[in-house]
Each structure stands twice: as structure tokens, then as C-alpha cells.
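Take a walk through this structure with the model open beside the text.

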Amino acid sequence: MKSRFVLALGFSLAVLAPQMTSAETVWLDDLNLAAATQGWGQPHKNQSVDGHTLTIGGQKFERGFGTHAESHLKINVGGGAQKFSAKVGVDDEVNSNAASSVEFIVVGDGKTLWRSGVMKAGAAAKDCAVDLTGVKSLLLQVSDSGDGIDFDHADWADAKFETAGTKPTTVSGEPQLIFVAPYILTPAAPATPRINGANLFGVRPGSPFLFTIPATGERPMEFSATGLPDGLQLDTKTGCITGVLKTKGEFIVTLRAKNSLGTAEKKFRIVCGDQMALTPPMGWNSWNCFAGAVSEERVKSAADALVKSGLINHGWTYINVDDFWQNHRNSKDPTLRGDFRDTNGVIVPNSRFPDMKGLADYIHKLGLKAGLYSSPGPWTCGGCAGSWQHEAQDAQTYAEWGFDYLKYDWCSYGSVVSSEVTNVAKVKSNGSPWKKDEEAIYPYKIMGEFLRKQNRDIVFSLCQYGMADVWNWGGAVNGNCWRTTGDITDTWRSMSGIGFRQDKAAPLAKPGNWNDPDMLIVGEVGWGKTHPTRLSVDEQYTHISLWCLLSAPLLIGCDMTKLDDFTLNLLSNDEVLAIDQDALGKETTCVSTNGDVRIYAKDLEDGGRALGFFNLGVTPLPLDLKQLASLGFGGQQHVHDLWRQSDVPVNDTPAIMIPAHGVVLYKVTAAK
Ligand code: GAL
């Protein structure tokens, strides 16, 4: 794998700064503060982030740096500085009742040198005084202290250096993470057979059944099943179960996979009822790598790669075509130009997708499922033909082609929304793009109904970024999953900003209804022109761990033909994926915040709990297993490291460090 980075701050010292002869005071505000990154507003010299005189706890300061959490300012101090000092706190421009809380952190050469502890609005300034002897690179950080960045106006007042060395200079950009080679935590799956994936599967009566038993182990392998209900058949060579169930009911099936080294067995519950996606959908989507450059060939290659890489053996199933399979309203690209619909109103795919039914058949033959994208407006977000006023027809067309999943966006619906929904009453005052919640709900309600009418299970994925608190009504309009956020990108800020802010929606997740914090950004991603993800190795472990704890749909967003060993390993840890696919369908929330460490817990069907210890800071932090008791784990516990797939000795544990921006992911069960 190419460039991967990891923590410990180290930035180039190549910029030569003036040498100073005797100890001198250098004020922080004399440096280029524009180099700072922050969660809201602009860095301010000698003023608060809102442009007022710096004031903390009633005390005014003439000089300093006004910023806003999450804030990072990197400074080359060159090794010759003696001291950094400041008075820190939340600026008084924030009402003292506001839910503001921050922590000031000083990091030198990758080590935490000083922390303020959590500071709230109205509190008196704290003295920060840090010995910088020998320190070359300094980071001044303001964290949101774990509760979001609202009202986090933070001041480094009277901030200055004492130095006899080179004059400190700031360095632009996010804290630079020093390259750390990818390290693989998960042992390869054994050659003996093992059946992976969910143990629960939902299907509606009359809908074509397709499920491929995900099994690792040496091939050839022979599959068998007992208790398979009438109407279903198993292909003993491929492990693919097909057919149709006519009536509702629950069936406990025993699946078996056998090779020359042994036999694996697993109980599998088929629920034929009203609901599908009883565990979060897992698969691939074209957007995060190909965006507007998607084509039939590329989709087929992704499907082939999902099989060839072995990911199919870990439960990865859907191959989803995102935007740009339709014709475009004004693109100069001839492959995107043509009729939007035929004379009967049926949607016409663009010339890159000559045979939609053929494509779905191709994907099904591999034992996988096929997905598609549209928007309720006249145009999709990319400017291709949407489903507006053709919803019933489109739902029918997708079913006839054989698609199993629809991601339904919002774009351009705003321009037609009022004409669609009658009885428009109050206008929302907060500038929301819809006029009332009914307007936000309506397009999903009708498409949900049309999809339900098809004799085919089509997972319905709402992509409207969480508007009108979609988690409260997404299930009622037949949605199986719904985006809770805007689009993700492959940066720590984006991924962590989304992933660690899902608590509000969490209680609404359940089998068949999933909150969707957007697709995965590991591997080669890039929305048209790909590059290796900009997440560090530990950030990627965090990403996958967190999405599994969140019971999120897992849609790989990378170019599947360029999967590297690290990414493949990351996506094929069956114990980690089992947390996502757990049949109880609970979504994690944060159960404890201690400085930069956040603990997320998820209850599991077997009575165990998955625990993620996340380090949001930029230096490694210790994990204290004794905390288990305070987290509600009484008595003796059995602790299992899910990434390493090995047990952790609870009473005799050497110090465990959580890597910066990284995670330790455990499953904890009461010891017998
Ligand atoms: C966005 C959506 C993306 C992608 C894109 C297509 O609104 O969030 O995931 O589908 O539209 O244009």
C-alpha cells in the first residue's frame, strides 16, 4: 500500500527561520495564525472567533489567538525554545449558560505536554505553562471535549514563547501524521471451513430468494442444509440458496460447509414476513471511487473482484450502481447524452449501460445482488434524469430489470416540492430546504409504496442527509436505511465528525431499519480520480470499528480492482463484521468520555457486549481495563480482542495503548 501516515506530529523543519541569540519573547499572535484549522469560523489575531476583545471569566486580554474547537495550530519551534505560556478558556462572548465545553491541549513532538481539563463558558482563565526544552514541533489543540463543537469559542490569550533558538513558525493544515506502514491485525481465515455472516435473513413471500452462504476455507467445498423450507433450493457447489417462499413463517435452518479438512455448521434463521434487510446491508457502491465515470464494465469488474478477492465469503453482497447510469441534462460527454425516457415514459439508461437486465443477471449469477440509484426530483444530484412523476413506472422498471436495492436521493426535489404536496401550512423558520416535514417525507412515502408493490424485495435506502430527523419516520415509509448526514470524504475530520455524532438517531435502529452514516472510505477512493484513502491506518481501524458498532450499512466505496492486502484484511475480519451483523440490531452510543478517549458499547444477541475504546487525540493514550466495572460489567469478564481475534488476559494485562485516532475493539462476555 502506498502512502499511509500515522501520528506523532512531525512536520518539515525545512523552513529556515531567523536565528535568535539571547532568550526572547515571541508572541503567538505575531505568527501566521491563518495556518490553524478549526471547526467553525476563522482564526483571529488578538480577538475572539467572533471578533471581540479576548475575554475569559471577565478578564480582558489584549493579545492572543481566538479560535473554535476542533482547533489545531502546528508550530515549528525548532528545539531552541524554553517555554510556552498562555491563559486559556472559553471566551465570554458565549453565554455562560451555553453548552460550551472545550479542552486545551499542548502536544510536543507527538507527546501530550499539558491539558487544561474540560473548561466551560464563564470559567476563569487557566494558566498554561509548558517547558519546551528540546521540543521541535508543537501542536496547540482545542478539542470539543467529547460533546460536539457547539459554542466552543476558545481563547489562547497572552500566548507567547520564550526562545533563544529559531523563531517559531506556524505550519498550515491538519496535524501531519507521520507515515506508519499499514499493519495487519487480523489472522488469515483458516483453511478449515467456517460459515460467516449474519445468522438472520428476511424475505417477503413471493419475492425471489437469493442468499449465498458466506464461507471461508479451502475449496472445493460442498454445501448442505437441513430444515430448508419448501420452495428453496441450495446449489451444493456454490452455496447459493434460491427459490421463492409462498407463505410467511420462521424457519431455522442448519447450514453446513464441508471440505477435505472438516465441516462447519451454523444455525440460520429465515424470516419470511414483511421485512427485509434484517441485518445492515453489506456490499459495494460505485460513487466514492467512480462518481460520474461509472460504467457497466466497471460495475461488472467490481462484482468480479468482490468474488475473486474472497469478500463474498465474509457476507459482502450488494453491487450498487450510484448516479450516472441515466442520461444527463447537459453534459458534454456524449456517453451521457440521449433520451431521458422512451415514448412510454420508461427511463432510458445511458450508452455506458447498454443492458440493465443483463447487468443485474450477471451480478445475480455471481451469487450477489444488484442496486441502483435515483432521485425524487426531475434531476439527480449529478444532473441525470430523476424519477419525478415517474415513480411507479420506475419502481416497476427496476423490479423488471432485477434490481434488489434502491438508493433514493433528494436533489432537485426542493424545486418541485410545493407543487407535489398539498396543504402546505407553516414554513420552517430555520432555513431548512423543505417547507414542512410532510414535504420531506412525501417523496419517500410514495416511492416506498411503489417498491413494496413489486414482486421483488428491493431494499429502500433514503439518501436525504437526515432532514426532518428521518430516523423518526424512515421506517414508516418503508425505508430500510437512511442517511443521517451529508456526504463523507476520506479525511479524519469528515469520518470522525460523522461517526462520533450519531447518538441522537441510535435508539431508532432495529432489524430492517438502519441509520446510515454514509459509505466506507477505505482503499482507493476519489470520486472519479482515485488515490489511496487519506485516512491513516489507525483511522481506518476506527472507521470500520465504529461503523460496525453503529450497525451501519457497510458499502465499500473503493475501486475493487485495486484492493491492497491491508484493505482486504480490514474488510474481512468476521468477528468485527459480526458486530455489525448482530441479529439484535442495536446501535451503539457513547457510554463514557474521558478526555480524548470515548467508549462505545453495543449489546449483542448472545448477551455479550462489543466495546470500542476510541482515541480522538493525536497522541497514544492508555486503556484501563479496570474501567470495565465502572461501565457496568460486574464480576469476572472474558475479554476478546476482535481485530486480533485473540483473548485478552484481564487480570494480568500489560499496559494497552490506544493509538492516536485509533481504536481497541473488544467483545466482553461474563466469564463462566
Ligand atoms: C449525493 C449523495 C452521494 C451520491 C451523489 C450522486 O447526494 O449523497 O452519496 O449518491 O449524490 O450524485
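Domain 2 and domain 3 bury about 760 Å² between them, with 43% of it on carbon and sulfur atoms. Buried area here is the accessible area (1.4 Å probe) that two parts lose on being put together, summed over both. The size of an interface is often given in this way, as the accessible area lost when the parts come together. Arg204, Pro208 and Leu210 supply 66% of the area that domain 2 buries against domain 3.

A word on the ground rules. This is a predicted model, in which local features need pLDDT of at least 70 and side-chain atom pairs count only at pLDDT 80 or more, while totals for chains, interfaces and linings use all residues. Residues are numbered from 1 along each chain as its sequence is written, and side-chain values use heavy atoms, with hydrogens and water left out.

A salt bridge is a side-chain nitrogen of Lys or Arg within 4 Å of a carboxyl oxygen of Asp or Glu. The rule finds 1 salt bridge across the interface of domain 2 and domain 3. Side chains of opposite charge can pair when their charged atoms come close.

Strands (E, at least two residues) and helices (H or I, at least four) are DSSP runs, numbered from the N terminus.

The whole structure holds 28 salt bridges. One of them joins Asp30 and Lys45, with the closest N and O atoms 3.7 Å apart. Asp30 sits in the loop between strand E1 (24-27) and strand E2 (44-45), and Lys45 in strand E2, 15 residues apart.

Next comes a covalent link. A search of the whole structure finds 1 disulfide, meaning a pair of cysteine sulfur atoms within 2.5 Å. The disulfide joins Cys381 to Cys411, S to S 1.9 Å. The link is right-handed, with 95° about the S-S bond. Cys381 lies in the loop between strand E25 (369-374) and helix H4 (391-401), and Cys411 in the loop between strand E26 (405-408) and helix H5 (417-420), so the pair ties together parts that are 30 residues apart in sequence.

Last, the backbone. Most residues other than glycine have a negative phi, and most peptide bonds are trans. Asn46 is not a glycine, yet has a positive phi of about 60°. A cis peptide bond joins Ala69 and Glu70, with omega about -20°. Glu70 lies in the loop between strand E5 (64-68) and strand E6 (71-76). The bond from Arg219 to Pro220 is also cis, with omega near 0°.
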